[in-house]
Amino acid sequence: TPQGEHGHVNGHEYEGARRRGRMRSVAVALALCSSWASAALGQANGTPAQQNNSYAIDLYQGPILAPIRVTALSGAYAGYAEGIAGFVANAASPAVRSAHSVNWLELDLDASLSIPVSLFDNNDFDNSGDLDADYSSFLYLAAGAQLQAGALGAGIFADLQRYDLVTGGASTAVTVGRYHGLVAWQLLGDQLVLGGGVRAATLGVSAPEAELTNVGAAPQFGILLRPDWTPFRVGATYRHAVRAAWSVGSGATVDERGVERAGALVVPAYAELPWEIETGIALQVGPRPLNPEWINPRDHEQQLVDSYERRRRLRERQRRRQLSLVSDPATRSRMAREELLEEERVARREHRRLVRELALLRDERKARARNWPREHLLLTAEVLVTGPVSDAIHLARFLAQGQRAGGDSQCRAVASGEDLNFSPRIGLEMEPVPQYVHTRFGTYYEPNRFRYEPDSCDDRVGRQHFTFGADVKLASTTWFGLVPEVTYKLQGYGDLAPRYQAFGLGMGVWY
């Protein structure tokens, strides 16, 4: 250290500089530690940083998009589980016979195309709490087929949603497909129905500079209890999580850090449709029975068929006994030919008579189905439990990478599907104008699946939906004799909730 007055002053400056240097070093170290701790905390809390591919997309969908009857009843259909519409609610539904089922072998087809009015235009479809994305050009297509053979039932159902998702000024075409392939069997007559099969999902994303697809499948199982002549049903189904990795069709790159991208998007490890448990009940009051015993046509007709078979065997025994009494071979041979020709004539006559009597039994079953009283009040209720998805974000957040979604809101949805969610649902159906009009009403709770930043925004909750719908009987036609006579109906539905509204029309068969 220099000596003298100036040396003394320079010594103080030297010591001060050393202290300031040490303080700056400590500050830098603390900042690094703080940054590391924040990153570690974010990872521990499951916040996808989207700086690498170690995150997922939660394909949970809160608003109900399903067949019109299911939507109008607010999705409360697992305890009723009847018809092709039931495939989306209970895996046991393919073998559930309706009150108008009169044949041993029955085939049913159903298809609908909905182009909703002003659907999702500046709506909060994903229930993030903000109008942060615009869902437009929406199209919903659903189709299914059901085959029932005695106690066995099988069917397929598919629905496709196609819409444009606009985030931060960029438009992305999104196509979501959900598919059910099911087989079910009746036990104890038709009082207990068990079913199972596969649930599959597809997701196609056509983003700027990138094309991505995702396909996956998983098992599902269902049960329905419907005691004969009781006014209630109880049903439940379990659907395993559908998880699949992404396939990048175009725009695939890998940066210097080994992060896979599709255009400007960091590709997630997988997309997951979370597991679900759906349990429900149905209760019907009024003169119309909910669970009439199903008459198996083969059982119903078996006594008649057996009586004709007994007469045929009796004629055969009598013929053999008469031939055994004839000793002359030539005479016996001639008598055998004559009696065989006579038996053929009798058999043809008996067959025509059997066909007529079987038709009478079939008409009897049809009359039984037509004559059930129409007046009824059907109440349905259920709870849908949806499982979590680890380290996941929602689809809109994935497509808005690098953008500050949320408009003027300071809240930001940074994670989706961290916890179990519960959605209670209630539906009501009646026929206010018998033989002409069905009406339905319902309500369901849509839970909030998101975690927000800052923490003060985490007090956001779900929203309540109110649904309604109607079927109006139209004309009957055979289409110029090409098909059996069918009566058609016009269907409509609506779904209203805060920051969301949906309406649609469809066609169907009136029963």
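The side chains of Arg-261 and Asp-255 meet in a salt bridge, with N and O 3.4 Å apart. The term stands for a side-chain nitrogen of Lys or Arg within 4 Å of a carboxyl oxygen of Asp or Glu. Arg-261 counts as partly exposed at 23% relative accessibility, while Asp-255, at 18%, counts as buried. For those words, buried is under 20% relative accessible area, exposed is over 50%, and partly exposed sits in between (1.4 Å probe, protein chains only).

A quick word on what you're looking at: this is a predicted model, where local features need pLDDT of at least 70, side-chain atom pairs count only at pLDDT 80 or more, and totals for chains, interfaces and linings use all residues. Residues are numbered from 1 along each chain as its sequence is written, and side-chain values use heavy atoms, with hydrogens and water left out.

| Pair | N to O distance |
|---|---|
| Arg-261 and Asp-255 | 3.4 Å |
| Glu-106 and Arg-97 | 3.6 Å |
| Glu-382 and Arg-425 | 3.6 Å |

**Strands and sheets**

Helices (H or I, at least four residues) and strands (E, at least two) are DSSP runs, numbered from the N terminus. Two strands pair if DSSP finds at least two bridges between them.

Back to Arg-261: its bridge partner in β13 is Val-266. Strand β12 (residues 260–262) and β13 pair in the antiparallel sense over 2 bridges. They belong to an open sheet of 3 strands, in the order β11-β12-β13, with antiparallel pairing. β11 (252–254) and β13 (265–266) stand at the edges with a single partner strand each, so one side of each has no neighbour in the sheet.

Now look at strand β15 (residues 276–285). Its covered face holds Glu-276, Glu-278, Gly-280, Ala-282 and Gln-284, while Ile-277, Thr-279, Ile-281, Leu-283 and Val-285 make up the uncovered one. Strand β8 (residues 232–239) runs antiparallel to β15 and is joined to it by 8 bridges; here Ala-236 stands opposite Thr-279. Strand β16 (residues 377–386) also runs antiparallel to β15, with 10 bridges joining the two. In this pairing, Val-285 stands opposite Leu-377.

**Patches on the surface**

Patches are made of residues with over 30% relative accessible area and no salt bridge; like charges are joined within 9 Å, and nonpolar side chains (Val, Leu, Ile, Met, Phe, Trp, Tyr) within 5 Å. Areas come from the Shrake-Rupley method with a 1.4 Å probe, and for residues only the protein chains shown count as cover. Lys and Arg count as positive and Asp and Glu as negative, leaving out His and the chain ends. The place of a charge is taken as NZ of Lys, CZ of Arg, CG of Asp or CD of Glu.

Arg-348, Arg-349, Arg-352 and Arg-356 form a positive patch. Arg-348 sits in helix α4 (residues 329–370) and is partly exposed, with a relative accessible area of 47%.

A nonpolar patch is built from Leu-152, Val-183, Trp-185, Leu-187, Leu-188, Leu-194 and Ile-223, with about 620 Å² of accessible area together. Strand β5 (residues 170–187) gives the largest share, 3 residues. Val-183 is in that strand and is partly exposed, at 46% relative accessible area.

Most residues other than glycine have a negative phi, and most peptide bonds are trans. Ala-81 has a positive phi of about 55 degrees, although it is not a glycine. It lies in the loop between α2 (68–72) and β2 (105–114) and is buried, with a relative accessible area of 0%. Asp-391 has a positive phi near 50 degrees. Its place is the loop between β16 and β17 (392–393), and at 37% relative accessibility Asp-391 counts as partly exposed.

Finally, the peptide bond from Glu-453 to Pro-454 is cis, with omega near -5 degrees. Pro-454 sits in the loop between β21 (450–453) and β22 (463–477).
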